[in-house]
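Thanks for coming, everyone. Take a look at the model first, and then I'll walk through a few points.

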Amino acid sequence: YHYRYRLVEIRNFQILCNHAPGHRDFIKNMITGTSQADCAVLIVAAGTGEFEAGISKNGQTREHALLAFTLGVKQLIVGVNKMDSTEPPYSETRFEEIKKEVSSYIKKIGYNPAAVAFVPISGWHGDNMLEVSSKMPWFKGWTVERKEGKAEGKCLIEALDAILPPTRPTDKALRLPLQDVYKIGGIGTVPVGRVETGVLKPGMVVTFAP
């Protein structure tokens, strides 16, 4: 697949999750997906060797964080995944090491680490995804500080709930810059882009330019 969407209802919002694959062969699709996002969730593998590969000079952790910021995604959440595979499992030392190094890098590219939630998780076991994990009692929770106010929590879903909703200029004329056009068998031609101004509704007659 190129990337996929899923509508998720959480406490404060309905959010549209866009899973864009990070593999180098699909970087074009990752850019298309990321360009439409209001917040990026950067998943960092905590396993021995995996994190080091991602944060290295040409690593994908660096590449994805830089692309997100360059494409205008100003809000960021970092999920430190595979905490079950650290040495020892669910290691506080490993989490703090990763948090420190990723914070240093994202600060260089333009993010404020104080406004970024770092959450130690295990997607495989569900630790700290929807509910607090008993396997990481050392984790007292994440805190973000920004001009709009402070937010805190312990799970990844709470970090998603703390996203600041963007303001949309819905009173302006419709403007939708096209990122790409896909031809999908059985469906037809599918233009992909992000509504920057105005409102797009089913059945509308639109003008393409130039």
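P88 sits in the loop between strand 4 and helix 4. Helices here are DSSP H or I runs of at least four residues, strands are E runs of at least two, and both are numbered from the N terminus. A quick word on the source: this is a predicted model, with local features needing pLDDT of at least 70, side-chain atom pairs counting only at pLDDT 80 or more, and totals for chains, interfaces and linings using all residues. Residues are numbered from 1 along each chain as its sequence is written, and side-chain values use heavy atoms, with hydrogens and water left out.

Back to P88. A cis peptide bond joins E87 to P88, with omega about -10°. K82 is in the loop between strand 4 and helix 4 too. K82 is not a glycine, yet its phi is positive, about 60°. Most residues other than glycine have a negative phi, and most peptide bonds are trans.

Now N128, in the loop between strand 5 and strand 6. N128 also has a positive phi of about 60°, and it is not a glycine. Buried or exposed? N128 is buried, at 2% relative accessible area. K82, at 33% relative accessibility, is partly exposed. The cut-offs: buried is under 20% relative accessible area, exposed is over 50%, partly exposed is in between, with a 1.4 Å probe and protein chains only.

Last, V78. Leaving out residues up to four places away in sequence, V78 touches L42, V44, V102, V116, A117, F118 and V119. Contact means heavy atoms within 4.5 Å.
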